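Please look through the sequence and the model shown below. The text after them starts from a single residue and its surroundings and then widens to the chain.

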Amino acid sequence: MTDLGTPTDLTWGAFSRSAPWVPRSLVDLLARRNEVLRAETRAEIPSLTEPSRVPPGARVVRVVGRLAVALAPWYTRKKLGRFRADGASTADISRRLRIAAIDLGSTYIKLGQIISSGEGLFPESLVNEFKLCRDRVPPEPWDEVRAVVEAEFGGPLHEKFAWFDREPHRGGLDRPGASRLAS
C-alpha cells in the first residue's frame, strides 16, 4: 500500500482504478468487431438453414444407379412371372435392397438396421434380410477408422491406447483391455 491508501499495483500497472484493467480502445474495438460478426452471422443464417431443392448430383446419381441395378432384374423377373413360390418375389427384392444398402455405405446400412427393427411395419422377409445389417457388414477400412479415432482423441493411437486391434471382432470386446486408455 502507498501512503495514500492506494494498492501499489494500481499506481504503476493499471489503466484505471477499477477492473478489468483493459485499455478502453481495445474494449471498443472488440465490441465493434463482435457487432460486425453478429451482423454477418445473422445475414448468413437464412442461406445456411434453407433446404436445398436438389441433393448433391453425384450422390443422387450413385444412389439411383445402385438402386436401379438392384431393382431392374427383380422387376424383369416379376414381369416375366419367374417367381414360382409365394413370397419368392418379396424375398428376392429384400435381398437385393440389403445388398444395395451395404454397397451404398454406412448411412444406408444404418437405415437397414432401423428397418430390421420394424417388425409389423415392413414385410417379414425385408425385416429378416435387414437384420443381417446389424452384425454382418464389411468393416470400414482401417485407415478411415484410425483417422476418425485419432481425430476424436486428439493424437496417435499408440499415445492414447495401450492396445488397439486393427481387426473387428464379433460379439463385442474379445480381448481384455481392448478399450482401456493408456495411462
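Apart from neighbours within four places in sequence, Glu129 is in contact with Ser94, Arg95 and Arg98, contact meaning heavy atoms within 4.5 Å. Glu129 belongs to helix 6, residues 124–130; helices (H or I, at least four residues) and strands (E, at least two) are DSSP runs numbered from the N terminus. Glu129 counts as buried because its relative accessibility is 15%; buried means under 20% relative accessible area, exposed over 50%, and partly exposed in between (1.4 Å probe, protein chains only).

This is a predicted model, in which local features need pLDDT of at least 70 and side-chain atom pairs count only at pLDDT 80 or more, while totals for chains, interfaces and linings use all residues. Residues are numbered from 1 along each chain as its sequence is written, and side-chain values use heavy atoms, with hydrogens and water left out.

Helix 6 also takes part in the largest nonpolar core, to which helix 4 (88–104), helix 5 (106–116) and helix 6 each supply at least two residues. A nonpolar core is a set of buried Ala, Val, Leu, Ile, Met, Phe, Trp, Tyr and Cys residues joined through side-chain atoms within 4.5 Å. Its 7 residues are Ala101, Ile102, Ile109, Ile115, Leu126, Phe130 and Cys133. Leaving aside neighbours within four places in sequence, Ile109 touches Ala101, Ile102, Cys133 and Val137.

Charged pairs come next. The structure holds 8 salt bridges, each a side-chain nitrogen of Lys or Arg within 4 Å of a carboxyl oxygen of Asp or Glu. One of them joins Arg66 to Asp103, with the closest N and O atoms 2.7 Å apart. This pair links distant parts of the chain, since Arg66 is in helix 3 (residues 57–79) and Asp103 in helix 4, 37 residues apart. Arg66 is buried at 18% relative accessibility, whereas Asp103 is partly exposed at 42%.

Within helix 4, Asp92 and Arg96 form a salt bridge (3.0 Å, N to O); being 4 residues apart, they are separated by about one helical turn. Asp92 is buried at 7% relative accessible area, and Arg96 is buried at 17%.

Glu119 and Lys131 also meet in a salt bridge, at 2.7 Å from N to O. Glu119 lies in the loop between helix 5 and helix 6 and Lys131 in the loop between helix 6 and helix 7 (132–135), so the pair ties together parts 12 residues apart in sequence.

Over the protein chain, there are 9 helices and 0 strands, and buried residues make up 19% of the 183 residues.
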